[in-house]
Amino acid sequence: MKIKNAADCKYDILSLGEVMLRLDPGEGRVRNTRKFNVWEGGGEYNVARGLKRCFGQRAAIVTALADNDIGYLVEDLMYQGGVNQEYVKWVPYDGCGRTVRNGLNFTERGYGLRSALGISDRGNTAVSQLKKGDIDWEKIFGQDGVRWFHTGGIFAALSETTPDVVLEAVQVAKKHGTIVSYDLNFRPSLWNAIGGEATAQKVNREIAKYVDVMIGNEEDFTACLGLEIEGVDHNLTKLEASAFHNMIKTASEEFPNFQAIATTMRGVKTATINDWSAVAWSREDGFVESVKRDETEILDRVGGGDSFASGLIYGVMIKGSIQEGVEYGAAHGALAMTTAGDTTTARLNEVERLVGGAGARVIR
């Protein structure tokens with residue numbers, strides 16, 4: 001991949017997606033809690049934030065927020081994450097959310113045999129109403145300059161207009177030589193009301209024509225691109241890298257524009273014990289695999305895949321290696337799942353220690 005020089009670009013990473021207010025009942029449950037911890041989160045945003053906070057890259061977000069105090073809280077949390085907000089579109093609030101609002105995401109972490117649970121309250125949000133022509137992509141990619149652009153299937157599923165926004169963005173990004181990555185991030189709850197997997201595949205296969213680096217897990221590639229993975233059991237309790245090789249090979253043949261493909265492999269034993277690793281492929285280096293971390297203890301699984309993506313991008317963009325990308329991504333994802341919230345609290349030296357084989361002995 002030919003990545004633009006940092007000196008020629010204002011940002012190393014730009015994401016397009018919704019940023020919601022996450023409400024977390026901690027060790028309790030949404031249905032009977034009396035308090036929530038809050039922070040910001042969003043599948044596409046989390047990647048930019050991880051690249052800023054952990055990997056020290058210049059990051060920005062394209063999103064939209066309703067102009068009220070919930071939006072200001074999300075803004076304040078994003079400031080803490082260090083992600084630049086010059087491309088955030090603020091939409092006038094009508095006073096009660098009839099025409100526009102900000103998204104909320106109620107999320108239980110799960111424990112043992114009780115699965116993690118996500119309940120989104122995001123209908124009619126400001127960002128879901130973005131349309132083609134609302135964002136000046138020519139200024140962003142042509143004048144300001146961006147080395148790497150990231151978006152994904154969550155944003156594409158928000159409304160009938162958001163796929164056109166994605167297509168407009170990736171087409172202009174490609175025109176100006178920006179690398180495009182896309183995380184399929186299939187969410188049945190978002191697609192069910194607008195045609196389910198059939199619509200998901202129609203939308204994502206069109207977007208895929210402009211993607212350089214495609215990211216997803218086993219369900220994503222099946223539901224969003226229609227690519228079957230043989231030898232994977234329905235409950236995803238045991239995954240082998242070899243099961244993904246044929247699927248990745250098929251994807252690379254169907255979409256010759258793909259320069260790299262990466263997938264996380266999460267063997268779900270319980271909500272708090274997962275086998276965790278990743279496999280990737282590039283046209284230059286072929287297949288690579290990360291260290292396998294069997295029976296990894298999980299505090300909060302949400303955002304693990306996003307942190308994998310940010311580590312992968314760092315490895316490819318800064319280290320220049322798909323092997324380092326898959327190792328940094330898997331290590332970063334593993335660390336992100338040891339803390340509460342969608343977003344990472346890891347530092348680069350912690351990721352490097354884990355990549356280097358360090359254990360969990362106390363650091364004094």
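The largest cavity of this predicted model is lined by Glu18, Val19, Thr63, Ala64, Leu65, Arg101, Asn102, Gly103, Thr125, Ala126 and Val127. A cavity is a set of points on a 1 Å grid over the protein atoms alone where a 1.4 Å probe fits but cannot get out, and lining residues have an atom within 4 Å of a point. Local features need pLDDT of at least 70 and side-chain atom pairs pLDDT 80 or more, while totals for chains, interfaces and linings use all residues. Residues are numbered from 1 along each chain, and side-chain values use heavy atoms, without hydrogens and water.

**Cavity**
- A search of the whole structure finds one cavity of 30 Å³ or more.
- The largest cavity holds about 40 Å³ of space, a volume being the space filled by probe spheres set on the grid points, which are joined across faces, edges and corners.
- Its lining comprises five nonpolar, four polar and two charged residues (Ala, Val, Leu, Ile, Met, Phe, Trp, Tyr, Cys and Pro count as nonpolar, Asp, Glu, Lys and Arg as charged, and the others, Gly among them, as polar).

**Helix contacts**
- The axes of helix 7 (residues 196-208) and helix 8 (residues 218-225) come within 6 Å and cross at roughly 95 degrees (axes are lines fitted to C-alpha atoms over the stretch in contact, with angles from 0 to 180 degrees between N-to-C directions; helices are DSSP runs of H or I with at least four residues, and strands are runs of E with at least two, numbered from the N terminus).
- Helix 7 is therefore roughly perpendicular to helix 8 (65 to 115 degrees).
- Glu197, Ala200, Gln201, Asn204, Arg205 and Ala208 of helix 7 meet Thr222, Ala223, Cys224 and Leu225 of helix 8, where contact means heavy atoms within 4.5 Å.
- This contact has five nonpolar, three polar and two charged residues.

**Salt bridges**
- The structure holds 21 salt bridges (a side-chain nitrogen of Lys or Arg within 4 Å of a carboxyl oxygen of Asp or Glu).
- In one of them, arginine 147 pairs with aspartate 12, with the closest N and O atoms 3.6 Å apart.
- Arginine 147 belongs to strand 8 (residues 146-152) and aspartate 12 to strand 1 (residues 11-16), so the pair ties together parts 135 residues apart in sequence.

Conventions. Angles under 35 degrees count as roughly parallel, over 145 as roughly antiparallel, 65 to 115 as roughly perpendicular and the rest as oblique. On a 1 Å grid over the protein atoms alone, a cavity is a set of points where a 1.4 Å probe fits but cannot get out, and a pocket is an open set with protein on both sides within 12 Å along at least five of seven lines; lining residues have an atom within 4 Å of a point.
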